[in-house]
Amino acid sequence: MANHDPISDMLTRIRNASEKRHETTKIPASRMTRSIAKVLQQEGFISEISEEGEGVRTQIVLALKYSGKHRLPTIRSMQRVSKPGLRIYKNTRGLPKVLGGLGVAIISTSKGVMSDRDARREGVGGEVLCYVY
């Protein structure tokens, strides 16, 4: 079955695994999903990234993070912003601040996929992929 929106699929898999308190989750590998996973790791939402399989069957394995005695998920919410049917682009000044700077907007720029803070620092805008907090 063909997946027409791999980013939404990735976010849904992470959201579902996080709600069920799974240690890891597997996502079909692509350059975009690898880039998004690296941003999530840099921002402290996931602890480890590894890959398994080879060729077309390569999957990214993400180790999810939890906090506290009751193992509350670090990722509280993930929302897809720009969709295949409606792309959302913002310039440097128009980049959103998620929860007043507590969350992260993941942006696809001409310099690669990065967080909203990094995009402001680099002075670039781009497509707003998702919000994570």
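This is a predicted model: local features need pLDDT of at least 70, side-chain atom pairs count only at pLDDT 80 or more; totals for chains, interfaces and linings use all residues.

Biologist: Okay. Is Arg 80 buried or exposed?

Modeller: Arg 80 counts as buried, at 14% relative accessibility.

Biologist: And which residue forms a salt bridge with Arg 80?

Modeller: That's Asp 5, with the closest N and O atoms 3.0 Å apart. The term means a side-chain nitrogen of Lys or Arg within 4 Å of a carboxyl oxygen of Asp or Glu. Asp 5 sits in the segment before H1 and Arg 80 in strand S6 (residues 78-80), so the pair ties together parts that are 75 residues apart in sequence. Asp 5 counts as buried too, at 16% relative accessibility.

Biologist: How are the helices and strands assigned?

Modeller: They're DSSP runs numbered from the N terminus: H or I over at least four residues for helices, E over at least two for strands.

Biologist: How many salt bridges does that rule give?

Modeller: The count comes to 10 salt bridges. One of them joins the side chains of Arg 13 and Asp 9, at 3.0 Å from N to O. Those residues are 4 apart in helix H1, about one helical turn.

Biologist: What does Arg 117 pair with?

Modeller: The side chain of Arg 117 meets that of Glu 43 in a salt bridge, 2.9 Å from N to O. Arg 117 is in helix H3 (residues 116-122) and Glu 43 in the loop between helix H2 (31-42) and strand S2 (46-52), so parts that are 74 residues apart in sequence are tied together. Arg 117 has 34% relative accessibility and counts as partly exposed; Glu 43, at 24%, is also partly exposed.

Biologist: Tell me about H2, then. Which of its residues are buried?

Modeller: Thr 33, Ile 36, Ala 37, Val 39 and Leu 40. They cover an arc of only 160° around the axis, which puts them on the same side of H2. That arc is taken from the directions from the helix axis to the C-beta atoms. On the other side of H2, Arg 31, Lys 38 and Gln 42 are exposed.

Biologist: What's the reach of H2 from its first C-alpha to its last?

Modeller: The 12 residues of H2 reach 17 Å, close to the 16 Å expected at 1.5 Å a residue. The expected span is 1.5 Å times one less than the number of residues. H2 is followed by Gly 44, whose phi is positive, near 85°.

Biologist: Which residues other than glycine have a positive phi?

Modeller: Among them are Arg 71, with a phi of about 50°, and Leu 99, with a phi near 50°. Arg 71 is in the loop between strand S4 (66-67) and strand S5 (72-73), and Leu 99 is in the loop between strand S7 (89-90) and strand S8 (104-109).

Biologist: Switching topic: which residues line the largest pocket?

Modeller: Asn 3, Pro 6, Asp 9, Ile 27, Pro 28, Ala 29, Ser 30 and Thr 33. On a 1 Å grid over the protein atoms alone, a pocket is an open set of points where a 1.4 Å probe fits, with protein on both sides within 12 Å along at least five of seven lines, and lining residues have an atom within 4 Å of a point. Helix H1 (6-19) and strand S1 (24-28) each supply at least two residues of the lining.

Biologist: What's the volume of the largest pocket?

Modeller: About 190 Å³, where a volume is the space filled by probe spheres set on the points, with points joined across faces, edges and corners.

Key: Residues are numbered from 1 along each chain as its sequence is written. Side-chain values use heavy atoms; hydrogens and water are left out. Buried means under 20% relative accessible area, exposed over 50%, partly exposed in between (1.4 Å probe, protein chains only).
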